[in-house]
Amino acid sequence: MGGIQLSLNQTQKLRLQRALDKLDSLSSKSNSNASVTVADTISVNYDDGVLKGHGTSELDGEVVATLCGVVERVNKLVYVRALRARYKPETGDIVVGRVMEVGQKRWRIDINANQDAVLMLSSMNMPDKIQRRRTAVDELNMRNIFEENDVICAEVRNLQHDGTLQLQARSEKYGKLDRGQLLKVPCYLVKRRKQHFHQLDQYGVALVLGCNGYIWVGELIPAKDAMMEDHPNNPDQASTDTTGVEKAQADSATETRKNICRTANAVRVLSTLGFNITMEVIMEVFNLSVSLNLPIDHMLGAEFCVSVAEREAERRSTSTKRKV
């Protein structure tokens with residue numbers, strides 16, 4: 001997903017700059033010592049035996065930053081985490097990727113990192129849901145599971161010493177993603193959280209926020225109807241139920257697609273403005289566009305982006321006042 005080019009008039013430029021300045025002031029008040037630029041001094045306690053990590057150096061007896069980013073401290077280690085950098089995987093991360101190659105007992109997955117990841121055939125659930133050893137037949141049928149250009153969701157299993165990244169998809173929530181849109185945003189806008197899978201039941205939309213900056217917005221696939229399982233020996237009843245489900249899906253398909261596009265445009269707006277992408281903020285942008293009765297394609301216009309920035313500045317200001 002390429003960045004949106006905003007054509008702002010003079011009034012919109014002033015409004016946007018005012019909102020961004022307000023956000024910067026609120027951010028600096030709450031996190032004054034975290035962000036650094038090149039040659040900024042990092043305050044440390046030398047009595048504790050400081051270990052200088054990535055993005056730091058010593059100059060005239062002081063620890064200074066050699067990168068623009070955020071200061072991180074782990075016990076005695078002090079380092080700078082660059083904001084605008086490629087995705088660096090960590091064990092347990094939820095990632096969205098695209099299958100680039102089907103190899104011998106493995107798939108090669110693009111996850112927006114320095115090198116592609118590997119998903120082994122033994123590291124995922126088989127279609128029959130049975131835990132067993134993988135056979136030569138399973139290897140021959142790998143393209144029936146994933147093939148080139150398929151979009152999948154998986155979890156980072158581990159990082160090998162040679163830099164090879166291994167994924168695993170042994171849970172029901174992982175697997176192939178279809179009937180939706182794949183968006184690419186800067187990975188630093190997606191923070192690691194306990195929940196990266198979201199369902200908007202009222203809109204029929206499923207959302208996967210990948211830690212690697214790939215975001216999937218697709219149709220929410222409902223669970224299999226229990227009525228279908230109650231009549232395994234009654235083909236007439238099962239056929240009637242299936243027909244009813246297909247009609248319901250056809251009736252709601254157009255509205256669901258509109259909701260998917262509106263949600264995807266909300267993510268695009270947040271990415272353009274450089275705001276952290278969370279489920280709460282996405283829904284605020286979604287609801288704002290609905291309340292303004294704004295067509296989906298107009299969400300990418302300059303006026304709506306400025307309105308979102310102003311609304312976010314107002315929300316953070318109100319939240320800060322409540323804490324005080």
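Residues are numbered from 1 along each chain as its sequence is written, and side-chain values use heavy atoms, with hydrogens and water left out. Because the model is predicted, local features need pLDDT of at least 70 and side-chain atom pairs count only at pLDDT 80 or more, while totals for chains, interfaces and linings use all residues.

**Sheets**

Helices (H or I, at least four residues) and strands (E, at least two) are DSSP runs, numbered from the N terminus. Two strands pair if DSSP finds at least two bridges between them.

| Sheet order | Pairing | Strands |
|---|---|---|
| S13-S16-S15-S14 | antiparallel | four strands, open sheet |
| S1-S5-S6-S2 | mixed | four strands, open sheet |

In the antiparallel sheet of four strands, S13 (180–184) and S14 (197–200) stand at the edges with a single partner strand each, so one side of each has no neighbour in the sheet. Neighbouring strands here are turned by 15 degrees against each other on average, direction ignored. S14 is joined to S15 (residues 205–209) by four bridges, and Phe-197 has Val-208 of S15 as its bridge partner. Helix H6 (residues 279–291) packs on this sheet, touching S14 and S15, and its direction makes about 135 degrees with that of S15. Axes are lines fitted to C-alpha atoms, for helices over the stretch in contact, and angles run from 0 to 180 degrees between N-to-C directions.

In the mixed sheet, the edge strands S1 (35–36) and S2 (51–52) each pair on one side only. S5 (residues 69–74) and S6 (residues 77–82) pair in the antiparallel sense over six bridges, with Glu-72 opposite Tyr-79 in S6.

**Cores**

A nonpolar core is a set of buried Ala, Val, Leu, Ile, Met, Phe, Trp, Tyr and Cys residues joined through side-chain atoms within 4.5 Å. The largest has 38 residues, and Ile-215, Leu-270 and Phe-304 are among those with the most contacts inside it. H1, S15, S16 (214–219), H5 (235–273), H6 and H7 (302–323) each supply at least two residues of this core. Apart from it lies another core, of 34 residues, including Trp-107 and Phe-197.

**Gln-12**

Gln-12 is found in helix H1 (residues 10–30). Leaving aside neighbours within four places in sequence, Gln-12 is in contact with Ser-7, Ala-302, Glu-303 and Val-306, contact meaning heavy atoms within 4.5 Å. The C-alpha atoms of Gln-12 and Ala-302 are separated by 7.7 Å, although the residues are 290 apart along the chain.

Methods. Buried < 20%, exposed > 50% of the residue type's maximum accessible area, 1.4 Å probe, protein only.
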